[in-house]
Amino acid sequence: TCLTNGPAAFTKRLVEIGAALATSPGCTLSATLSEWAALKRGYELFSRDEVTHESVMEPHIERTRAMCYEPGHVLKVSDTTSLNFETHLAIEDMGWVDNGQQGLHVHSTLALRIEGEQDDGTPIVRILGLVGQEVWTRFGKPKNRGETRSERRQRPRESQRWVKPIIEMEPPPEGVRHTFIADREADIFEVFVECQNARSDFIIRSKEPRRLFDEKGSIHDAVKNAKLLGQKRIHLRAVSATLGRKATPAREATVEIRAVPVTVKCPADRQPQLAPVVMNVVEVREVGAPAGIEPLHWILLTTWACTGLKDAWRVAQTYRARWIIEEYHKALKT
């Protein structure tokens, strides 16, 4: 990549440093650039005001977005991670992350082109690159450090990070299809509406039991009472222990598949009120899970067609492509 408006010498220097770091990503800058002259040029480059995360990333993001408008189907996979710098207390302008420790937050959206499909409906994808990445600090106080409700309300709306990569891209032309994929944090009514406005499909894991527009009950009630389409076997990867989640070994699981069309009502506290959104709800529920293991249970919201078991299973298998961005964030932090 290169700086959009930087002098050619700075662009060349940035490329050289990036290439050197790529050969030894676990090393410090001083260990990577062993010659003092090269290290000094690196420090000089990073000290310049115009050398920001945005200016370095912009050409790559523009190039990736351009590839997203070539004929075919592109998945835009979005997720947030945190960078913990608690052991670097001398760094200034840090916000807080998990457990009130200091650090930064990073929200990334990767573009994946579907180039085929396996027999079980799993998409074969090629990573195009990032179509968006936002880095921010969360100031104020975390809940466990005494932040009041009023203080929380004064923070910028972090939910906008899910909307931003949708509204910043033009709707796809004829012959091009986009699908936005995200976990439960993106279960935001505004995300559904903006995907609709951008002519983008979506597959988003449900968090809220959203109200139905034209009947009583919630979307969770509707899919729970839907007809069983069939069962499938799925391989579940091992999961490491994290905050609030136990480690689980890899295993083969049997899941039941259900799907139902719904019209979702705009939340009552949303002003102004927005039009309802039509979508399908797909449930993937594990049966016969081993003792002591929490059963797999996904409720997925999607604009993809779901006329039978094959369609619903394709939605579930495509949602699994979301894990690519978790691997990207793991590599980024490592």
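How many salt bridges does the count come to in this structure? The count comes to 19 salt bridges. Please keep in mind throughout that the model under discussion is a predicted one.

Arg13 and Glu44 form a salt bridge in which the closest N and O atoms are 3.8 Å apart. Arg13 belongs to helix α1, whereas Glu44 belongs to helix α3, which covers residues 36-46, so this pair ties together parts that lie 31 residues apart in sequence. The two partners also fall into separate burial classes. Arg13 has a relative accessible area of 16%, and because the limit for buried is under 20%, Arg13 is buried. Glu44, with a relative accessible area of 38%, is partly exposed.

The next example is the salt bridge between Arg258 and Glu256, with the closest N and O atoms 3.1 Å apart. Is Arg258 buried or exposed? Its relative accessibility is 15%, and Arg258 therefore counts as buried. Glu256, at 16% relative accessibility, counts as buried as well.

I turn now to Arg322 and Glu326, whose side chains meet in a salt bridge at 2.6 Å, N to O. Arg322 counts as buried, at 4% relative accessibility. Glu326 is partly exposed, its relative accessible area being 26%.

My last topic is the second largest pocket. The space in this pocket amounts to about 1,600 Å³. The pocket is lined by 33 residues, and the closest of them to its centre are Leu21, Phe46, His53, Leu83 and Leu332.

Which elements supply at least two residues each to this lining? Among the helices they are α1 (8-23), α4 (53-67) and α10 (323-333). Among the strands they are β1 (72-84), β3 (102-117) and β4 (123-136). Helix α1 provides the largest share of the lining, with 6 residues. Recall that α1 is also the helix in which Arg13 lies.

How is the lining of the second largest pocket made up by class? There are 21 nonpolar residues, 11 polar residues and 1 charged residue in this lining.

Methods: Residues are numbered from 1 along each chain as its sequence is written. This is a predicted model: local features need pLDDT of at least 70, side-chain atom pairs count only at pLDDT 80 or more; totals for chains, interfaces and linings use all residues. Side-chain values use heavy atoms; hydrogens and water are left out. On a 1 Å grid over the protein atoms alone, a cavity is a set of points where a 1.4 Å probe fits but cannot get out, and a pocket is an open set with protein on both sides within 12 Å along at least five of seven lines; lining residues have an atom within 4 Å of a point. Grid points are joined across faces, edges and corners, and a volume is the space filled by probe spheres set on the points. Helices (H or I, at least four residues) and strands (E, at least two) are DSSP runs, numbered from the N terminus. Ala, Val, Leu, Ile, Met, Phe, Trp, Tyr, Cys and Pro count as nonpolar, Asp, Glu, Lys and Arg as charged, and the others, Gly among them, as polar. A salt bridge is a side-chain nitrogen of Lys or Arg within 4 Å of a carboxyl oxygen of Asp or Glu. Buried means under 20% relative accessible area, exposed over 50%, partly exposed in between (1.4 Å probe, protein chains only).
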